[in-house]
Amino acid sequence: MTNKSLKIIKKYFNVSVNEMRKLAGDFRSEMDKGLAGRKSSLKMIPTYTKRPSGTEIGKYIALDLGGTNFRVLEIELEGSGRMSRPRVMKFKLNKRHITGSGDLFFGFIAGCLKNFLVKNKEMNSVRKMGFTFSFPVKQTEIASGNLVCWTKGFKVSGVIGEDIVGLLEAALNKKGIRGVRVAALINDTVGTLAAKSYEDKNCNIGVIIGTGTNACYAEPELGGMIVNTEWGNFDKMRRTVFDILVDSQSDRPGQQVLEKMVSGMYLGEVALKVIRAHVLPGLKHFNTEQMSAIESDRSNGLTVTGKVLKMAGIKDTTPEERLACREISSIISLRAARLSAACLEAIVKKIDPSISNRHTIAIDGSVYEKHPSFANNISSALKDMLGTRAARIKVVLAKDGSGVGAAITAAAAG
Ligand code: BGC
């Protein structure tokens with residue numbers, strides 16, 4: 001790849017400050033339309049819950065289903081923003097679970113909960129439970145809601161349009177679990193926001209940048225009710241031919257457009273297309289984890305990158321080719337961070353137009369946590385847009401908040 005091609009790619013994927021401002025404006029008008037119940041790429045789903053007060057107490061169970069990782073937790077809230085270290089059991093859903101029938105899917109989840117209860121001698125305890133279910137769900141109240149569509153490669157049959165809590169409770173019954181009642185059904189962004197705001201009163205935005213991506217926030221116009229934006233479906237960005245290709249080869253073309261430019265499930269795919277076109281035509285597969293590894297490579301001659309590319313199907317690479325792959329990866333991950341920052345700016349300004357107060361944005365997810373420069377790139381982009389006012393916005397990693405947040409929301413729901 002020549003220097004000239006690199007320059008062209010850089011320009012092609014660049015999101016300038018002006019573009020970020022324009023995007024933030026478009027995001028805002030999509031938010032307004034969604035809130036008004038008009039047609040919008042943002043679903044803006046009311047969640048029927050507010051941020052916790054920090055005084056919630058008691059022992060709760062949480063189920064946390066984000067992607068193929070599934071966790072069961074038990075946690076004791078101690079009030080004044082404190083809690084015990086949660087008891088956790090982790091499980092993995094395989095392809096059969098995420099592409100099979102609803103019975104199999106909810107049966108598996110209920111089976112995991114049963115394992116947890118039996119192991120901890122809690123089969124007979126009476127507990128309220130929070131259920132984090134990280135997909136677009138149209139809620140009708142805090143403890144029920146219907147699945148709008150699957151994302152992130154899930155295709156479980158017979159669930160779209162159904163009440164998730166009803167399906168889960170039927171599965172719990174079948175497994176003989178009688179003491180556990182679902183008190184809250186929440187999105188993972190809502191869990192992340194609840195967990196952080198339990199201890200930090202300035203936290204009013206929760207975000208996931210992992211396999212999928214999304215954000216929620218406390219909406220002043222709805223008395224502080226949390227609104228799930230489902231921002232992964234935002235679609236007002238300028239796309240490249242590579243994005244259009246990734247989209248057209250995906251499960252649901254035209255849907256989750258921002259998610260396909262930002263989240264871990266797709267970033268590596270976009271990079272793969274660019275690397276194939278400009279550097280290594282024979283590259284077979286490439287994922288976001290490998291992108292992170294390459295961008296973290298500080299070795300002489302980029303030997304780590306060489307190893308990653310070998311695993312991805314190219315035996316021998318020159319130092320120039322390895323460098324080109326790293327440049328391409330960072331161009332694509334930088335774009336993802338800047339797109340996210342533009343949307344975040346729009347949300348902060350929706351809450352507080354002149355940004356006169358302090359705001360904490362809680363973010364979780366593998367891309368945000370593990371990518372070497374994603375977090376810094378978001379902060380720099382916010383500074384680019386807001387100048388000194390960016391100092392009032394604190395962006396923090398809220399690790400594993402989604403499960404804990406479900407327990408807190410269950411407590412608050414009563
Ligand atoms: C889902 C969201 C979820 C996000 C992060 C997206 O694919 O639509 O509901 O919050 O992934 O897990």
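**Ligand site**

I started with Asp-188: a polar side-chain atom there sits 2.6 Å from an oxygen atom of the ligand, which I log as a polar contact (a pair of N or O atoms within 3.5 Å; within protein, one must be able to donate a hydrogen and the other to accept it, and residues adjacent in sequence count only if both atoms are side-chain atoms). This is a predicted model, where local features need pLDDT of at least 70 and side-chain atom pairs count only at pLDDT 80 or more, while totals for chains, interfaces and linings use all residues. Residues are numbered from 1 along each chain as its sequence is written, and side-chain values use heavy atoms, with hydrogens and water left out.

Asn-187 also puts a polar side-chain atom 2.8 Å from a ligand oxygen. For Phe-135 I found a polar backbone atom, 3.4 Å from an oxygen of the ligand. I listed 14 residues around the ligand, each with a heavy atom within 4 Å of it; Thr-151, Lys-152 and Glu-230 are among the closest.

**Domains**

I found 1 salt bridge between the domains (a side-chain nitrogen of Lys or Arg within 4 Å of a carboxyl oxygen of Asp or Glu). Asp-251 and Lys-155 form a salt bridge, with their closest N and O atoms 3.8 Å apart.
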